[in-house]
Amino acid sequence: MTEETLPADSPPLPLVAADLILDESRRAPDKPGVYRMYGEDGTCLYVGKARSLKKRIVQYAQGRFHTQRIGLMVSLTRSMELVVTASETEALLLESNFIKKLKPRFNVVLRDDKSFAELMIRRDHRAPQVRKHRGAHTTPGDYFGPFASTWAVNRTLTTLQKAFLLRSCSDSVYETRTRPCMLHQIKRCSAPCTGLISLEDYGELVTEAEQFLRGKSRAVIGRLSKEMQAASDEMDFEQAARVRDRIRALSAISMENSVSADSVPEADVFALYSDGGQACVQVFFYRGGQNWGGRAYFPRVDKTDTDPEILAAFLGQFYEDKPVPRLILANVLPFEKELLEEAFSLKAKTVDGRRVVSIELPRRGEKAGLVDHALTNAREALGRRLAESSAQGKILDEVCEAFGLDGRPERIEVYDNAHIQGTNAVGGMIVAGPEGFQKSQYRKFNIKGEDLAPGDDYGMMREVMRRRFSRLVKDEDEGEEVIRPDLLLIDGGAGQLAEVLAVLADLGLDDILAVGVAKGPDRDAGKEHFFVPGKPPFMLPLKSPALYYIQRLRDEAHRFANGAHAKRRSMDIKKNPLDEIEGVGPGRKRALLHAFGSAKGVGRASVVDLVKVEGVSQALAERIHGFFHPAR
């Protein structure tokens, strides 16, 4: 967030916070920088930047605040950290970095910030490759994007293959090809690997593809049309048909993505809409007159935050790890617009210090139409989210009533185990809350208790619970921030629930409610029996929304546990017996397999033969032989 103005109508600071702020104000430098405020448990409460750290902290020391929320934040502060920067612009960039990393409680925070896919034409190979890309631009080449969805980038990649016949294979595949692959047969590659097209002609295709992605589709289609007409005039109808197919592919994607915005060659469009204490920011990406998709974001905000403040904080965090276009269009001018432009220009590596990034609020014309379109999407997206939140709240209220909870659960953990006759056993934990599944919180447990009998479901559940909650207790003892679950759902009946309750009691966590969810007769959905401590087993009405919700949670836990089990089983199948022999590392393993062809061949070899392998001593040869031929 940005700096706050401090009028004189707020209550005084608590003594502890007042002494701390006053002490910091004496030592703070009169220079630009970033300050972080931490609470008693060590969690970051707030990150801010200032043109003068000293003056900013003196304002806090006066004990007068713009809002009660900021006053509460300062009253909870128990320590501060200051970072001096060379300029206020650098402070703004560092502030965005800290907010995105620490997610402070009292800042506007961008959530669900996934990276976007791009298209890349590599330039470090004689036959440039086109492929999808995510992450930093470390490989030499031309990057095009961002694309808001995987579907959009896949569709464009397929079009490029059809229209320009560019290779998408890896370098290793390219170097080993002796005849054209299937992509050439279906007319999606010109096969430069086998010389069916010269590197010079292939380079022209690459140039045309680059021009198309930069928005010069009309020029490219015009040249292809002339080429098709020339082939037709020369009676080369097969070539004319091939060029025609390329034109069709380009025309199709050009019409789908066209936005009739010739005045916007490159821009990101943002629209902010807030209501009911929540906000939605809709973003669309326009490149070369084409719409490359959009996404709706729902940043964490406070009802006292103004729209310019929200958008300024959002933009700073949004572009912290993304390339910045030359033009940003928005329906609201962000707070400290000029400073943001300067920071983005610095990030975009300006030439001769000239500002190349501008933020505009268009009033009329094509640009205003693009912003209005984004605002309509933002308004509708927030409306859907508010409706879903209301429905989700009613469902959680029913869950509370069904299981006797005091309030809506903020964190629900669901557990399920997966194995085949006890082998490759895996425990899965999924997490859900008011905003749906929290996939970043999912955990898997490779069950490895040696005292467990094969197929001992009770013992498996006991191990998973002990590992999960022993760690929770340890983290709490060490002062780390830990969120306890409000409700545990256990896939199983009274037996599994008893094991869970015993572990929780041993660890002093018997205040956490655990519920067993047993499948009904013939495993029919809708006939589940619920086991709650201190109550007889019961069922929920067939049309109960809470029942449907719990079924969704259980199915997600089942899917996650089965996926983890399948992955572990696959890895176990691929395991080589040589991996279990002490002293046989990757190099010796490679040498043994090269000498004898397979692990079975190594097992048949004598000690005399094993010693002949480079790197295998007499002692190691005897150990390897003994592994495959244990003494009876």
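Student: In strand 16, which residues point one way and which the other?
Tutor: This is a predicted model. In it, L487, L489 and D491 point one way from strand 16, while L488 and I490 point the other way.

Student: And are they buried or exposed?
Tutor: They are all buried, on either side of the strand. With 5 of its 5 residues buried, strand 16 (residues 487-491) is therefore largely enclosed by the rest of the structure.

Student: Which strand does strand 12 join, and by how many bridges?
Tutor: Strand 12 (residues 412-420) is joined to strand 16 by 4 bridges, and the two run parallel. Within strand 16, L488 stands opposite E413.

Student: What about strand 17, how does it pair with strand 16?
Tutor: Strand 17 (residues 513-518) and strand 16 are also linked in the parallel sense, over 5 bridges. There, L489 has V515 of strand 17 as its bridge partner.

Student: Change of topic. What is the strand order in the open sheet of 5 strands?
Tutor: The order is 9-8-7-10-11, and the pairing is mixed. Strand 9 (290-297) and strand 11 (358-360) are the edge strands, each pairing on one side only. On average, neighbouring strands of this sheet are turned by 20° against each other, direction ignored.

Student: Which helix packs on that sheet?
Tutor: Helix 11 (residues 307-318) does, touching strand 7 (266-275), strand 8 (278-287), strand 9 and strand 10. The direction of helix 11 makes about 135° with that of strand 7.

Student: How many bridges join strand 10 to strand 11?
Tutor: There are 3, and the two strands run parallel.

Student: Now the backbone. Which residue other than glycine has a phi near 60°?
Tutor: A191 has that positive value. Most residues other than glycine have a negative phi. A191 lies in the loop between helix 7 (182-185) and helix 8 (199-213).

Student: Is A191 buried or exposed?
Tutor: A191 counts as buried because its relative accessible area is 2%, under the 20% cut-off.

Student: And what is the phi of E336?
Tutor: E336 has a positive phi of about 55°, and it is not a glycine either. It sits in the loop between strand 10 (327-330) and helix 12 (337-347). At a relative accessible area of 23%, E336 is partly exposed.

Student: Pockets next. What volume does the largest pocket have?
Tutor: About 2,000 Å³. The lining of the largest pocket has 46 residues, and R411, Q438, S440, Q441 and I483 lie nearest its centre.

Student: Which element gives the largest share of that lining?
Tutor: Helix 14 does, with 5 residues. The elements that supply at least two lining residues each include strand 2 (44-50), helix 4 (88-102), strand 9 and helix 14 (457-477).

Student: Last, the chain as a whole. How many helices and strands are there?
Tutor: The chain has 20 helices and 18 strands. Of its 632 residues, 46% are buried.

Student: What share of the contacts with a separation of 6 or more comes from residues 24 or more positions apart?
Tutor: Such residues account for 63% of those contacts in the chain.

Conventions. Residues are numbered from 1 along each chain as its sequence is written. This is a predicted model: local features need pLDDT of at least 70, side-chain atom pairs count only at pLDDT 80 or more; totals for chains, interfaces and linings use all residues. Side-chain values use heavy atoms; hydrogens and water are left out. Buried means under 20% relative accessible area, exposed over 50%, partly exposed in between (1.4 Å probe, protein chains only). Two strands pair if DSSP finds at least two bridges between them. Axes are lines fitted to C-alpha atoms, for helices over the stretch in contact, and angles run from 0 to 180 degrees between N-to-C directions. Contact means heavy atoms within 4.5 Å. On a 1 Å grid over the protein atoms alone, a cavity is a set of points where a 1.4 Å probe fits but cannot get out, and a pocket is an open set with protein on both sides within 12 Å along at least five of seven lines; lining residues have an atom within 4 Å of a point. Grid points are joined across faces, edges and corners, and a volume is the space filled by probe spheres set on the points.
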